[in-house]
Amino acid sequence: MRIAAFPAGAFRTNCYIVASDSSDDCIIIDPGQEAHSPACELINNNGLKPVGIYLTHGHADHIWSTPELSVTYDIPVVVHRDDVFMVEDPAAGVGPTLSTLFPFSSWHAPERLTTYCDEKFTVAELTVKVLPLPGHTPGGVGLLISDGSSAPTVLFSGDTLFKGAVGRTDLPGGDAQTLLDSIERELIPLPGAVLVAPGHGETSTMAAERADNVYLRRFR
């Protein structure tokens, strides 16, 4: 599996471009603020063909470049059904302080917006399992992706699980206990070799997070 990543915008949100080793089709995960140009550069320089934009959740810093990228490559934008309201109106998902960092008055939702729920599917020769992870947002998910090769499975964890931390729950629709319940139910059972590619910051592994993440100590 081939993965390229870069931090985008004021919140340094990780945008990921993911392709299998056997296809030039790719998917885009969480293209946030100011992600359009660097995403296009990575895609074009590597001869890739985007087939879809997949979101871990609906917060503005993860979705901001979706309308432009969707039009550029004529591809759908996919978000969990419980976070559609944030993609349609990003101001609904953030507090007044964060709202000042985004020009919400100019926002228009992507025209090719569709949804997933708790499912497993294949796209761009990648196997994607959608893990329901409410807590940071009502429709937050983890995208557990493999390509059938010997490469480790990768968890794109959005803002649910970070290296050494978990996501905030003080924004609209967030709930701390729900977040911890999601982690216990969906993430703690994952194999230790699974790579964790979070929405912000550095990558990790599930083994490292179970051992070192202070928020996960209760699950030992």
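Ile53 stands opposite Val77 in S5. S5 covers residues 77-80, and S4 pairs with S5 in the parallel sense over two bridges. Strands here are DSSP runs of E with at least two residues, helices are runs of H or I with at least four residues, and both are numbered from the N terminus. Two strands count as paired if DSSP finds at least two bridges between them.

A word on the source: this is a predicted model, where local features need pLDDT of at least 70, side-chain atom pairs count only at pLDDT 80 or more, and totals for chains, interfaces and linings use all residues. Residues are numbered from 1 along each chain as its sequence is written, and side-chain values use heavy atoms, with hydrogens and water left out.

**The sheet.** Six strands make up an open sheet with mixed pairing, in the order S1-S2-S3-S4-S5-S6. S1 and S6 (113-116) are the edge strands, each pairing on one side only. From one strand to the next, the twist averages 25°.

**Helices on the sheet.** H1 lies across S1, S2, S3 and S4, while H3 packs on the sheet and touches S3, S4 and S5. Contact means heavy atoms within 4.5 Å. The table gives their directions; axes are lines fitted to C-alpha atoms, for helices over the stretch in contact, and angles run from 0 to 180 degrees between N-to-C directions.

| Helix | Strand | Angle |
|---|---|---|
| H1 | S1 | about 160° |
| H3 | S4 | about 150° |

**H1 up close.** Which residues of H1 are buried? In this helix (residues 36-45), they are His36, Ala39, Cys40 and Ile43. Seen down the axis, these buried residues fall within an arc of 95°, so they line one face of H1; the arc is that of the directions from the helix axis to the C-beta atoms. Buried is under 20% relative accessible area, exposed over 50%, and partly exposed in between (1.4 Å probe, protein chains only). On the face turned away from the buried side sit the exposed Ser37, Glu41 and Asn45. The buried residues of H1 pack against S1, S2, S3, S4 and H3 (66-73). After H1 comes Gly47, with a positive phi near 65°.

**The loop histidine.** His200 lies in the loop between S13 (195-198) and S14 (204-205). Its relative accessibility is 19%, so His200 counts as buried. The His200 side chain reaches the backbone oxygen of Phe11 at 3.0 Å and that of Arg12 at 3.5 Å. Leaving out residues up to four places away in sequence, His200 touches several others, including Asp61, His62, Asp159 and Phe162.

Note on methods: A polar contact is a pair of N or O atoms within 3.5 Å; within protein, one must be able to donate a hydrogen and the other to accept it, and residues adjacent in sequence count only if both atoms are side-chain atoms.
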